[in-house]
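Please look at the sequence and the model together, and keep both in view while you read the explanation below.

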Amino acid sequence: AQLGVIVHRALFGTGRLVTAADLTLGPAACKHSSLNPAHNTVTFTAGLHECGSIVQITPDSIIYRTLLNYDPSPASNPVIIRSNPAVIPIECHYPRRENVSSNAIRPTWAPFSSTLSAEERLVFSLRLMNGSFQLGDVLNIQAEVGTESHVPLRLFVDSCVAALSPGTDSSPHYAIIDFNGCLVDGRSDDTSSAFITPRPREDMLRFRIDVFRFAGDARNLIYITCHLKVTPADQAPDPLNKACSFNKARNTWAPVEGTRDICSCCEMGNCESPA
């Protein structure tokens, strides 16, 4: 029912402490609830539905989304600026699937929903490996799936889209991976974006992207939404299930695994099966 956020005043790790009054929670800009001068921390406490938070319901989870806002007060000299504003996204995830029973479950019984989830639930994750970055740097991203007791699986990143807000429908947006696993950002001039080969494991895939920002927009926050999928590990990669990077030295597309012909559709921009 409650969201608790503890913010260290050394927000940017530069040694300069931010002012507590410059920090607010959510679109409603809720103020902090307490300060800890000894530890230089600021604490926010609010109900999950307060401060303008947004709720999203998925088949498996209830997700509450809000923002930690840093809006620095003007410097004593209005001509200069010593810090940039920042917006930090915060999410609370609650599982929707649990065992519910009016009677005690005998210890020798295996609850059906637990058995089913252990066999069929796949836990996908997308992790940004960099701590911080700026233009000229490279983003290192790791996609992974937790297979639990499932048969061996191979993970693919079907698509990735960058935008200024969550989701893939907002404008402007920019396709990083498209056409069922073609890393199209690496096709652009002066980029080194590519999948990392070989994979660490079949259920893990890493790729790097040259840092960018949207032209004409001063915000430093970009949302990247990716579609991850798996196939049986013993299934050969094909045009619909692949991880292809553009090799500028050879001027051709190359897969992380599989034959080169599965990447030929990346150049055409259409990898959908006729069937």
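Predicted model: local features only at pLDDT ≥ 70, side-chain atom pairs only at ≥ 80, totals over all residues.

Residues are numbered from 1 along each chain as its sequence is written, and side-chain values use heavy atoms, with hydrogens and water left out.

Helices and strands are DSSP runs numbered from the N terminus, where a helix (H or I) has at least four residues and a strand (E) at least two. Two strands are said to pair if DSSP finds at least two bridges between them. With these terms in hand, we can turn to an open sheet in which three strands stand in the order β1-β4-β3 with antiparallel pairing. Its edge strands, each of which pairs on one side only, are β1 (2-8) and β3 (34-36), and the twist from one strand to the next averages 20°. For such angles, axes are lines fitted to C-alpha atoms, for helices over the stretch in contact, and the values run from 0 to 180 degrees between N-to-C directions. Strand β4 covers residues 41-47 and is joined to β3 by three bridges, the two running antiparallel; Asn36 has Thr41 in β4 as its bridge partner.

Another open sheet has three strands in the order β11-β10-β14, again with antiparallel pairing. Here β11 and β14 (223-232) are the edge strands, each pairing on one side only, and neighbouring strands are turned by 20° against each other on average, direction ignored. Four bridges join the antiparallel strands β10 and β11, and the bridge partner of Cys160 in β11 is Ile177.

Now consider the backbone itself. Most residues other than glycine have a negative phi, and most peptide bonds are trans. Which kind of peptide bond leads from Ser171 to Pro172? This bond is cis, with omega near 5°, and Pro172 lies in the loop between β10 (153-163) and β11 (173-177). A cis peptide bond also joins Thr197 and Pro198, with omega about 0°, and Pro198 is found in the loop between β12 (194-195) and β13 (204-210).

Ala29, in the loop between β2 (23-25) and β3, has a phi near 55° although it is not glycine. Ala29 counts as partly exposed because its relative accessibility is 36%, where buried means under 20% relative accessible area, exposed over 50%, and partly exposed in between (1.4 Å probe, protein chains only). Phe179, which is not a glycine either, has a positive phi of about 55° and sits in the loop between β11 and β12; at 26% relative accessibility, Phe179 counts as partly exposed.
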